Amino acid sequence: MYKKRFAALATASAVSLALMTTGCSQQEEKATSTAVQAEAPAKQASEVTAENPFFKPWNTPFGAPPFGEIKTEHFLPAFDKAMAIHLEEVEAIANADSVPNFKNTIEQLELSGADLTRVALVFFNLTGTESNDEMQALQREISPKLTRHSSKITLNEALFKRVKAVYETRNDSNLNAEQIRLVERLYNESVRSGANLSGEDKKRYAEINERISSLTTEFGQNMLNDSRNFKLVLEESDLAGMSQSMIDAAAASAKAQGLEGKYLITLQRSSVEPFLQFSERRDLREQAFNGWALRGDNDNEYDNKANVEEIVKLRSERAKLLGYKHHSDYVLSNTMASSPEAAMDLLMKVWKPAVAQAQVEREWILEQMKADGADHELAAWDWRFYAEKVRKAKFDLDQGEIAQYFELNNMIEAKFYVAKQLFGLTFTERTDIPVYNDVVRVWEVKDANGNSIGLFFGDYYARSTKRSGAWMSAFRSQQKLAGDVKPLIINNMNLNQPAEGQPTLMSYSDAVTLFHEFGHALHGLLSNVTYPTLAGTSVSRDWVEFPAQFYEHYIAQPVMLKQFARHYETNEPMPEALLERIKAAATFNQGFATVEYTASALVDMAYHKMTEVDKIDVRAFEDKILGDYGKPEEIIMRHRSTHFGHIFAGGYDSAYYAYMWSEILDSDGFNAFVEAGNIFDKETSQKLYNFVFSTGDTLNYEEAYKAFRGRAPSTDALLINKGFKK
C-alpha cells in the first residue's frame, strides 16, 4: 500500500488515510492535502512559539524531520497555526483582483499549505507507527478539524470560480501538457468535492465529510486497539510444529511484554499466519484464527460494526448529492476501470476459476486429513495447516526450510540490486539522519550519475504501537515548483523482531511484500515532475499498484534467488533442487489465495453499489453476498468488514479490486522483459522509467502503458501466472 501527497482541493477526509493502508499488503490511500485545513482559533495560534520545531528551520541532512525535537504537545498548536496560514494563502488567491490564470491561481494553490503539509505528514506517519493513547486522542480531535477546514476551501465559491476560469481557457493559454493535466485534475477534484453544490446540499456535504472523517479515524484506531487486546500466551508444551525461528520470535514477543519464559502469538500477520500454518495444536489454531477473523467484531468498546454501517450510509448519501447513482459509481468514474461494471467483470473472470481451483485444493486437503487419520471436519483454521502438508507431500517443499534462505539484510540488498540494474540507483546507509524509533534505518539514494535523489527509510519490525500490514508513505514528496525538492520515502512492514543477535528470517510471502512496498517506494523516489499534486504515487488506485506489483516479479526469478537467497547460517546459496521445487509449486494454493482476496473485493463492491442503505447486519451481509457467489465455506475474506482498513480507513473504498486490475498490468508488463530475453533489459527499463516510475500523474494511464508496452495489456498473463490458464 502507498500514501499520496496532500493535493490542492483534494477530498479532505483522506488526510489521515493518505498515511495509512494497503495496503498494501498491501497500504495506502487517496490523494489529499494542501486543501486540508482546520479551524485555527486565534488564541491557540498565538500560543505557537518560536520553540515549536515545525516553525523552525530543519537543519538536518536533506531537511529530514528532527524527530528528537518533536514532541506530542507540538502537534496541535502547529496544526492550528499552519491551517491559519494556509487559509490566509487560499483567501488571498480566491479574492485576488486579477484575471485568473495558471500562474496566479493554479501555481499559487500548489505552493500554498506547505507548513500544513509538513506537520501533517509527520503526524499521520507517527499515528501509524508510534500510536499511544495521547496520539490517538489527538488524532480524533484533529481529523474532523482538518475536514471542516478542507470544506472551507473546496466549497469556496470565489476560489472555484477562478479555478473554473483557468480550466475553461486551458487549451488556449500556451500551457504545456503537464500544466493542462494539473488544471484538469484540480477542476475535476473540485467538482467531485462538491464545488457545484449550493445551499443546504453544500452544507450537508460538508457535514457528511466531517462525520466520515471521525468515523474512519475511529475505525482505524479500533482495529489497532482490538488487535492489541488479543494475546495467545503459550507454554513450552504448546510449541509442537513450530520452527525454532518461530519459537524464538514468540519468545522475544513475550519478553517484550513482560512475559518472561512464555511464548506469545499476536495478531500481526507475521506472527499469526505462520502459527496457523505450522502449529499442531488445533485448539490453539482455532483461538488464533478466531482472534484474527473477529478483529473489530467482538461486541466490545472497539467494535466496528456500527462504524461500517454509518460509513456506508454516508458515502451513499454523499454520492447522490453529487449526482451519482451510488458510491461505487462516484469512485470508479475517476479510475482506469471507469465503471463498477468493468471492475465487476474483471473480478468475476478471476473468481470463477479461483473457486474451481480452491475446490481442487480442498480435495487435496481432505485426502491429506484422511491419510493423517484426522477425525474432524475441515475448518477455516485447518486450511493453512493442511495446505502446508499437501505442499510438502506434492512438491517436497517446506516453508520452514525456505525461510532459512530469506534473511532480511539479504533481501534488502536484493531489492536494491534490482533498482540498480533497472534504473542505475545506488543506496548508501546513513546513520546521521534523525529517526523516530531506533529500529528505523535510512539510506541515501543516488542516480546513475551520482546525484542524490532522496532518502529511503525502512521500518521493518512489528510493535504494539504500530498498525498491522505493510505500506509506503512519505515525509516529503518530490516537486520542482518550490525548488528541487527531494522526496523522503518510507516503507513499513511488520516482521517479528528476533532475539538480540539472531537473524530476521522471512517467509517467502514476506519477501514478496518487501519487494512490493519497495516498488511503491521507487515510484515516489523516481518521481520527476514539477507540480506536487501530480508527484509520485498521487495517481489512480488501479494504476498505483502497477509499479509495486511489477517489482514483486523480481524476487521470484531464479537468477535473483541464486544470488540473494542464502542460508542464514552457512551463507550457502539456495540449492538448485530447492529452486526447482519452488518453481514447480509457484501456483500452489492460488485458488485459496485468490478466493480470499476476491471475496473481500466483492464485498467492498457490494457495500458501495447500494443505492438505498438501511440497517446493515455486517455478518449477515457478508454471508449473503459471498454465499450467492458460492464462496467455499472453509475460506473467509482476507479482510472481514470490521477490520477492512483498506476500505473503511485507507482510501480503497470501492477500489479494492485495483490490486487485481494492476495484476493484469504487472503480469503483462513483466513479460516485456521476458520477451526481451533479459529481465534487466536496458531499453525496456528506460521505457519503464519514462512512462511509469518517473511520471506521477502527468500522463493518461492507458496511453502510458501502451507507450511502455507497445500495446494494450492482456489478461492472459494474469490467468497463466495464477495457474488458471495453460
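**Overall architecture and helix packing in the predicted model**

The protein comprises 29 helices and seven strands, where helices (H or I, at least four residues) and strands (E, at least two) are DSSP runs numbered from the N terminus. Its radius of gyration, taken over C-alpha atoms, is 25 Å, close to the 27 Å that the globule rule gives for 726 residues, so the protein is as compact as a globular protein of that length; the rule in question is 2.2 Å times the number of residues to the power 0.38. Along the principal axes, the C-alpha atoms fill a box of roughly 80 × 60 × 50 Å. The model is predicted, with local features requiring pLDDT of at least 70 and side-chain atom pairs counting only at pLDDT 80 or more, whereas totals for chains, interfaces and linings use all residues. Residues are numbered from 1 along each chain as its sequence is written, and side-chain values use heavy atoms, with hydrogens and water left out.

An unreviewed UniProt entry lists residues 276–721 as "domain: Peptidase M3A/M3B catalytic"; positions follow the numbering used here, the feature name is shortened, and such annotations may be inferred rather than shown by experiment. This span is 52% helix and 8% strand, and its end C-alpha atoms lie 26 Å apart.

Helix α5 (residues 114–129) packs against helix α6 (residues 133–154) at an angle of about 140 degrees, with the axes 11 Å apart; axes are lines fitted to C-alpha atoms, for helices over the stretch in contact, and angles run from 0 to 180 degrees between N-to-C directions. The two helices α5 and α6 are therefore oblique to each other, given that angles under 35 degrees count as roughly parallel, over 145 as roughly antiparallel, 65 to 115 as roughly perpendicular and the rest as oblique. Their crossing is left-handed, a term used if the near helix is turned anticlockwise from the far one by less than a right angle, and right-handed if clockwise. The contact (heavy atoms within 4.5 Å) involves Leu116, Phe123, Phe124, Leu126 and Thr127 of α5, together with Met135, Leu138, Gln139, Ile142, Ser143 and Leu146 of α6. These residues divide into eight nonpolar, three polar and no charged, with Ala, Val, Leu, Ile, Met, Phe, Trp, Tyr, Cys and Pro counted as nonpolar, Asp, Glu, Lys and Arg as charged, and the others, Gly among them, as polar.

For helix α19 (residues 508–525) and helix α20 (residues 541–552), the axes come within 7 Å and cross at roughly 135 degrees, and α19 and α20 are therefore oblique to each other. The crossing of α19 past α20 is right-handed, and the contact has eight nonpolar, five polar and two charged residues.

Helix α26 (residues 658–676) and helix α27 (residues 682–693) pack at about 160 degrees with their axes 9 Å apart, which makes α26 roughly antiparallel to α27.
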